[in-house]
Amino acid sequence: MTDRPSGTPAPSRRKPRRGGKRVLRIVLLALAVLILAAGGAGWWAYSHLNGNIDSVDLDQAIGDDRPKKVVPGAQNILVLGSDSRAGANGDLDHGDVAGARSDTAMLIHVPEGRAKATAVSIPRDTLISRPECRKADGKTVAPAQRVMFNSVYTLAGPACVVKTVEQLSGIRVDHFVEVDFAGFKGLVDALGGVTVTLDQPMSGAKGGLKLDPGTHRLDGEQSLKFVRTRYGYGDGSDLGRIGLQQQFMIAMLSEMKKQDALGNPARLYKLADAGTKSLTTDSELASLTALADFAQSMKGVNPETMETIMLPVAYDKVDPNRVVVAQPQAGMLWEALRTDQKIPAEAKKSPASGSKG
């Protein structure tokens with residue numbers, strides 16, 4: 001999530017965003033488990049939590065122009081982190097800003113058998129070809145070349161992001177889940193905070209969080225700044241931020257385990273309420289029952305062993321502040337996921353590292 005509106009020129013020597021907010025993957029998995037356990041808490045709770053969930057009918061929005069599913073038992077879930085600056089989200093950052101952006105995009109592939117998972121992060125500054133899309137109001141958005149990936153959400157909404165990812169990868173997206181960052185704050189606050197440890201200072205550059213080396217207990221707003229910090233930590237690249245996000249994800253998991261959230265009905269309901277308020281899904285997942293069933297089917301997946309890969313990208317030759325999909329690496333990666341095969345080591349290598357060397 002960034003302070004710079006999508007489509008505006010990046011600062012000189014700006015490194016590409018490399019993985020998005022990986023903490024969202026644990027938000028998704030933990031939320032599904034919480035909802036599964038909360039399903040029998042009573043009709044009043046069910047009705048309230050069920051009413052929190054927004055949805056998008058992908059089949060209606062996209063139509064028949066979609067890849068065929070190759071492996072029926074596998075699942076592909078597109079997880080988006082939205083960065084709207086309106087309303088509650090605006091209060092968390094720099095006030096109201098028109099529109100919203102998809103600051104995080106991960107395609108999570110769960111192979112047949114559902115005992116492991118792979119998450120592919122798509123850098124938000126990747127230049128892609130946007131397909132023709134239909135917005136929620138019925139208006140058509142014309143196709144375009146060399147547009148930033150994160151601009152697709154702003155212009156045409158989440159269904160168009162799904163269609164773009166499908167055409168980029170050749171992979172059928174089975175489900176879509178979007179979490180906004182106001183909801184992320186609510187989840188952390190519902191836990192009573194999350195504890196992290198730093199081995200070097202965080203300077204608070206560009207409105208970020210300022211922390212000394214050592215152990216800190218972060219509330220929701222501080223946690224949001226923590227996972228968004230870039231310039232004030234390490235080498236200032238997105239590699240440093242990705243490391244922070246991974247650290248926070250593990251800390252959040254540990255906090256849930258320590259508190260025995262599933263064994264405390266009051267805390268469980270508070271967490272589920274905070275989570276569902278931030279949630280938009282495809283229409284097939286848009287109920288507690290559907291989410292609980294889906295969570296049950298995924299119970300064999302261990303988030304701690306989930307493999308995380310960045311879509312291989314290279315610096316654009318025209319605009320070095322942008323990246324383009326790197327071939328043949330990306331093609332090998334998508335083909336392995338599409339056919340449920342082992343990912344070749346070469347497919348995990350990205351020419352654009354995002355580091356300062």
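The protein contains 12 helices and 17 strands. Both are DSSP runs numbered from the N terminus, with helices (H or I) of at least four residues and strands (E) of at least two. The model is predicted, so local features need pLDDT of at least 70 and side-chain atom pairs pLDDT 80 or more, while totals for chains, interfaces and linings use all residues. Residues are numbered from 1 along each chain as its sequence is written, and side-chain values use heavy atoms, without hydrogens or water.

Of the 357 residues in the protein, 56% are buried. Buried means under 20% relative accessible area, exposed means over 50%, and partly exposed lies in between (1.4 Å probe, protein chains only). The accessible surface comes to about 15,000 Å². Carbon and sulfur atoms hold 52% of that surface. Areas were computed by the Shrake-Rupley method with a 1.4 Å probe; for residues, only the protein chains shown count as cover. Contacts were defined as heavy atoms within 4.5 Å. Among contacts between residues at least 6 apart in sequence, 72% join residues at least 24 apart.

Helix α6 covers residues 158-169. Its 12 residues should span 16 Å at 1.5 Å a residue, and the end C-alpha atoms are 16 Å apart, which agrees. The expected span is 1.5 Å times one less than the number of residues. In α6, 10 of the 12 residues are buried, so the helix is largely enclosed by the rest of the structure. The buried set includes P158, A159, C160, V161 and V162. It also includes K163. This lysine has a relative accessible area of 10%. Beyond its neighbours within four places in sequence, K163 is in contact with I62, D65, P131, E132 and C133. After α6 comes G170, with a positive phi near 75°.

Helix α11 spans residues 288-297. Its buried residues are L288, A290, L291, A292, F294 and A295. S287 caps the N-terminal end of α11. A side-chain oxygen of S287 lies 3.0 Å from the backbone nitrogen of A290.

Strand β8 (residues 144-148) holds R146. The phi of R146 is positive, near 50°. R146 is partly exposed, with a relative accessible area of 46%. Its side chain makes a polar contact with the side chain of D316, at 2.9 Å. A polar contact is a pair of N or O atoms within 3.5 Å; within protein, one must be able to donate a hydrogen and the other to accept it, and residues adjacent in sequence count only if both atoms are side-chain atoms. D316 lies in the loop between β16 (313-315) and β17. D316 counts as buried, at 7% relative accessibility. Leaving aside neighbours within four places in sequence, D316 is in contact with L127, R146, R322, V323 and V324.

A cis peptide bond joins Q327 and P328, with omega about 10°. P328 is in the loop between β17 (323-325) and α12 (329-338). In the segment after α12 lies D340. The phi of D340 is positive, near 65°. Most residues other than glycine have a negative phi, and most peptide bonds are trans.

Ring interactions were also searched. The charged end of K206 sits over the ring of Y231, 3.9 Å from its centre. This requires NZ of Lys or CZ of Arg within 6 Å of the ring centre and within 35 degrees of the ring normal.
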